[in-house]
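Hi everyone, thanks for making time this morning.

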Amino acid sequence: ARDRYRPRLDLRYGSNPKETLDLFVPSGRPRGTFVFVHGGYWRALDKSDFAFVAGPLLEQGIAVANVNYDLCPDVSIATIDDECRRAVAWVAREGGKHGIAPDAIVVGGHSAGGHLAAMMVATDWGAFGFARSPLAGALTLSGVHDLSPMPLFSFNSDLKLDAAEARRLSPALMAPQAAVPVLCAVGGAETSEFLRQTQLLWDAWPQNRPLGASGPLVIPGKHHFDVVV
C-alpha cells in the first residue's frame, strides 16, 4: 500500500515521540477523511502494520490518516487518549493544507483502536477550541468499551490501570458528546468477550446508532485478527 499509494509519511501532530500519522490522499477531490487508529491492547503494533486499510477507501475517494501513538508502559492509556484527540484536531485544522477533507471526518479503530475511536465521540471538543465536534461519524471494530476487566489481566503490568481509572476510561460508561452515527462492528467468530464489549456500546449509546441499523454489525466467519482485513 505504501509503494502503490505513496502516502505522506510521519507527519507530526504532536510533540511526543510517536505522535505521527501517515496521510493517504486520493486523486481528485476527497469525499471525506477516515482517521484510522490501530489496535494492539494499547501496548503493541504500529501504524505501518495497517497501511493496507487505506486502499479500499482511497478507491472510493476517501482520504486516510493512519495514526501512530505512544504505547504502554511508556505512557498511560489516558495519555494515548489525549494523543488521539490531538491527531483528530490536527486533521481538522491542518488537513486542508494537505489536500484532504477536514470537514467530513470519520474516526475508526480496531480493538484498542476501537476504544480510542469511541473515546473521541465521548470527548468534549469545546475544551479543545472547537465550536462543535469535528467528527461526522465513528467506527469501532472489535472495540474494548468497558475497561473494568483490564486490571485483572497479567499485562496490566504495562497498562497500570486500577479499578477507578478503568471505569473513567470506559466509553460504555460515558455519555457521547457528539451527535454522530457510531458503527459498532465485530467478527462473528470472535470470543464472547469481544461480542459482549460490542453489544455494550450499542446498548449504552442508543442515540448514536446508525440510521436503519437494528444491532451491531456482526461480520460472519471473521475472528479478531482477520476482521480488519
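**A walk through the model**

Let's begin with Asp10, which is found in strand 1, residues 8-12. When I say helix or strand, I mean DSSP runs, numbered from the N terminus: H or I over at least four residues for helices, E over at least two for strands. Asp10 has a positive phi of about 55° although it is not a glycine. As a reminder, most residues other than glycine have a negative phi, and most peptide bonds are trans. At 47% relative accessibility, Asp10 counts as partly exposed. The cut-offs here are under 20% relative accessible area for buried, over 50% for exposed, and partly exposed in between, with a 1.4 Å probe and protein chains only.

Before going further, a word on where this comes from. This is a predicted model, in which local features need pLDDT of at least 70 and side-chain atom pairs count only at pLDDT 80 or more, while totals for chains, interfaces and linings use all residues. Residues are numbered from 1 along each chain as its sequence is written, and side-chain values use heavy atoms, with hydrogens and water left out.

Two other backbone spots are worth a click in your viewers. Leu45 also has a positive phi, about 75°, although it is not a glycine. You will find Leu45 in the loop between strand 3 and helix 2 (54-58), and at 44% relative accessibility it counts as partly exposed. Then there is the peptide bond from Cys72 to Pro73, which is cis, with omega near 10°. Pro73 lies in the loop between strand 4 and helix 3.

Now let's step back to the whole chain. How many helices and strands does the protein chain have? It has seven helices and eight strands. For 229 residues, a compact globule would have a radius of gyration near 17 Å, and the protein chain agrees with that at 16 Å. That radius is taken over C-alpha atoms, and the globule rule is 2.2 Å times the number of residues to the power 0.38. Along its principal axes, the C-alpha trace spans about 45 × 40 × 35 Å. Buried residues make up 54% of the 229. Take contacts, meaning heavy atoms within 4.5 Å: among those between residues at least 6 apart in sequence, 76% join residues at least 24 apart.

Six of the six residues of strand 3 are buried, so the rest of the structure largely encloses it. In a regular strand the side chains alternate between the two faces of the sheet. Here both faces are covered: Gly32, Phe34 and Phe36 are buried on one side, and Thr33, Val35 and Val37 on the other.

Who are the partners of strand 3? Two strands pair if DSSP finds at least two bridges between them. Strand 3 and strand 4 run parallel, joined by six bridges, and Gly32 stands opposite Ile62 in strand 4. Strand 3 also pairs with strand 5, again in the parallel sense, over five bridges, where Val37 stands opposite Gly109.

Strand 4, residues 62-67, is mostly covered, with five of its six residues buried. Strand 2 (residues 20-24) pairs with strand 4 in the antiparallel sense over four bridges, and Phe24 has Val64 as its bridge partner there.

Next, a helix. Is helix 4 enclosed or open? 10 of the 10 residues of helix 4 (residues 112-121) are buried, so it is largely enclosed by the rest of the structure. Its cover includes strand 3 (32-37), strand 5 (105-110) and helix 3 (77-94), along with strand 6 (135-141), strand 7 (182-187) and helix 7 (192-204).

I'll finish with two buried residues. Ser170 is in the loop between helix 6 (163-168) and strand 7, and is buried at a relative accessible area of 0%. Leaving aside neighbours within four places in sequence, Ser170 is in contact with His145, Asp146, Leu147 and Ser148. Ser170 and Met150 are 20 residues apart in sequence and 11 Å apart in space, C-alpha to C-alpha.

Met150 brings us to Asn156, which touches Met150, Pro151 and Leu161, not counting residues up to four places away in sequence. Asn156 is found in helix 5 (residues 156-159) and counts as buried at 12% relative accessibility.
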